[in-house]
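Please keep the model at hand while reading.

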Amino acid sequence: MYPTEPLPINIGETIKDTDYETKTISGIGINILKNKDYSLSETSKFPVLYLIHDESTQPSNNKLSAISLLYNAMNTSIIPNSIIVEIPLKNGLNTTNIKEIISYVDSNYRTLPQKDKRLIIGNSNGGLKAAQFVNSEPSFFKSCFLFNANLTGNNVTPVTNTFYYLDIVDDSDQYKGYHDMYLSIREQNIDYEYRVRQGKEVYQSFLNGLSNSLSILSKKL
């Protein structure tokens, strides 16, 4: 018999608050985490992972768990060295904010500024925002990774020439939204991966899904 809830994945060492830089761009607070190799060269440029982070369902002691997972994946060569931009989900976050944040990051850090070297990740309501940003401005991101995104009841049309990673647990109530997006993706012949995993719709399921996605995420950077 399978367990009702999979065991938590091993995140690895948790980063410290001092490991990342906090900036405010047009009233939106963001956290920027550079990889360990960033300071070793003045010419190397890196892809950027944008995380629209819905922290509303996570225990307070897990605040840094998602970016720690991504950072440790870089350090163990599971994913390429990148720059992580965490955007904690707040009311009022919109497409203009994202455009300004991308412009700031590309201007002040050694990024690979083209679309195919930018990837957006979102969980829960952050996943809804990520999908909406890709829909409203397709030039921003080449790949969109959604984890238990709140798509049901929100009409988000997938965009051609964009890769979608759809991840949902079997206890989620977001199946209709995922199914509608899946049908639209298939109709438009859009590149995608669709994963349904065992578990409940809690923050830990996002971390488990994010960990499971790393091999695909690596290929999209």
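## Salt bridges

In this predicted model, the count of salt bridges comes to 7, where a side-chain nitrogen of Lys or Arg has to lie within 4 Å of a carboxyl oxygen of Asp or Glu. Side chains of opposite charge can pair when their charged atoms come close. One of these pairs is Lys16 with Asp19, whose N to O distance is 3.9 Å; Asp19 is partly exposed, since its relative accessible area is 33%, and buried would require a value under 20%.

Another pair is formed by Arg197 and Asp167, with 2.7 Å from N to O.

## A pair at partly exposed positions

Lys220 and Asp191 also form a salt bridge, in which the closest N and O atoms are 3.2 Å apart. Here too the pair links distant parts of the chain: Lys220 is in the segment after helix H6 (214-219), whereas Asp191 is in the loop between helix H4 (175-187) and E8, and 29 residues separate them. Are the two partners buried, exposed or partly exposed? Lys220 has a relative accessible area of 23% and is therefore partly exposed, and Asp191, with 44%, is partly exposed as well.

Which residues of H2 are buried? They are Asn97, Ile98, Ile101, Ile102 and Val105. Seen down the axis of H2, these buried residues fall within an arc of 135 degrees, so they line one face of the helix. The face of H2 that is turned away from this buried side carries Lys99 and Ser107, which are exposed.

The cover over the buried residues of H2 draws on several elements, including strand E1 (21-25), strand E2 (28-34), strand E3 (48-53), strand E4 (83-88) and strand E5 (118-123). Helix H3 (125-136) is also part of what covers the buried residues of H2.

Technical notes. Residues numbered from 1 in each chain as written. Predicted model: local features only at pLDDT ≥ 70, side-chain atom pairs only at ≥ 80, totals over all residues. Heavy atoms only, no water. Buried < 20%, exposed > 50% of the residue type's maximum accessible area, 1.4 Å probe, protein only. Helix = DSSP H or I, 4+ residues; strand = E, 2+ residues; numbered from the N terminus. Arc of directions from axis to C-beta. Contact = heavy atoms within 4.5 Å.
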